[in-house]
Amino acid sequence: GLRARGEVRLTPGGALEAARFSRVELGEWLDVQAALIGRGPGVTPAIEVSGGRADLRGESLGSGTGEGGPVRLALDELRISEGIALSGFRAELDTRGGTQGSFSGQVNGRATITGDVVPMRGRSAFRIRAQNAGAALAAAGILNDARGGTLELMLTPAKAEKSYDGVLSIAEHLVCRDVLTDVRVLRRVVHVHVCGEKGVCCFDL
C-alpha cells in the first residue's frame, strides 16, 4: 500500500498550493522524496521527485491516455532489471494523454545514456542513445571490455503485457577485446568480423 509523510499547504481560496513529502513508499517498488505542486483549481498538480529509488521490474510503463501533468524526476536509482539500474536518473515528462519527454542516467553508475519516451498503444515506446556504445554495453553486462561506437535502442510495446520488442543499432566503430565471449553474444544481433590487431573484434554497422 501507499505510505507518505509530509505537509500540505493550501491557497487562501482552498486550492492546493503544495504537498511536500519527506518520504513516499508504494509497495516494494517506490521509495522517494516527492512533492505535488498546485497549478490552479481543476488542474492536475505537477509532480516533482527529488530523490530516492524506484524499481520498475514487473511494472508496465507509461500506461494511461487521460488527464495528467508535468513530472520532474531526480532519482538516486531506477532499477530496470535484475542486472541493470540507472543511477543519477533525471527525467522531464508530461503525462497528459500518455507519458512523453526525455530522460538520462548512468548504466550501473558507469556509462551515460539519454533517451526519449512517447505514448504508443496505451503504453510507452522508448528511444535510448549512448555516445559510447561499448561503455554502455559493458556497464550493462552484455559485453566485456568494449569501447567506442554509438548506440541507439528502440523499444516498442509488444503484444504480451509488460513486454517490449527492441531494435539495437550500433554505428561507427565498436571494439571489444574479450573476443570469444563477446562475439558469441553479439552474433545474435549484429554482423561481426575480426579486424586489426589480434584479439580485437570490430563492428562497423
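Reply: Two strands pair if DSSP finds at least two bridges between them; strands (E, at least two residues) and helices (H or I, at least four) are DSSP runs numbered from the N terminus. This is a predicted model, in which local features need pLDDT of at least 70 and side-chain atom pairs count only at pLDDT 80 or more, while totals for chains, interfaces and linings use all residues. Residues are numbered from 1 along each chain as its sequence is written, and side-chain values use heavy atoms, with hydrogens and water left out.

Me: OK, which residue in E12 is the bridge partner of threonine 156?

Reply: Aspartate 165 is that partner; strand E11 (residues 150-157) and E12 pair in the antiparallel sense over eight bridges.

Me: And what order do the strands of the sheet take?

Reply: The open sheet has 11 strands in the order E1-E2-E3-E4-E5-E6-E7-E8-E9-E11-E12, with mixed pairing. Strand E1 (2-10) and strand E12 (164-171) stand at the edges with a single partner strand each, so one side of each lacks a neighbour in the sheet.

Me: Switching topic, what does valine 32 touch?

Reply: Not counting residues up to four places away in sequence, valine 32 touches Ser22, Arg23, Val24, Val49, Gly51, Gly52, Arg53 and Leu75, where contact means heavy atoms within 4.5 Å.

Me: Where is pLDDT under 50?

Reply: One such stretch is residues 187-205, for which the model has 41 contacts beyond four places in sequence, and another is residues 179-184, with nine such contacts. The protein's mean pLDDT (the predictor's confidence in each residue, from 0 to 100) is 83, and 80% of its residues reach 70 or more.
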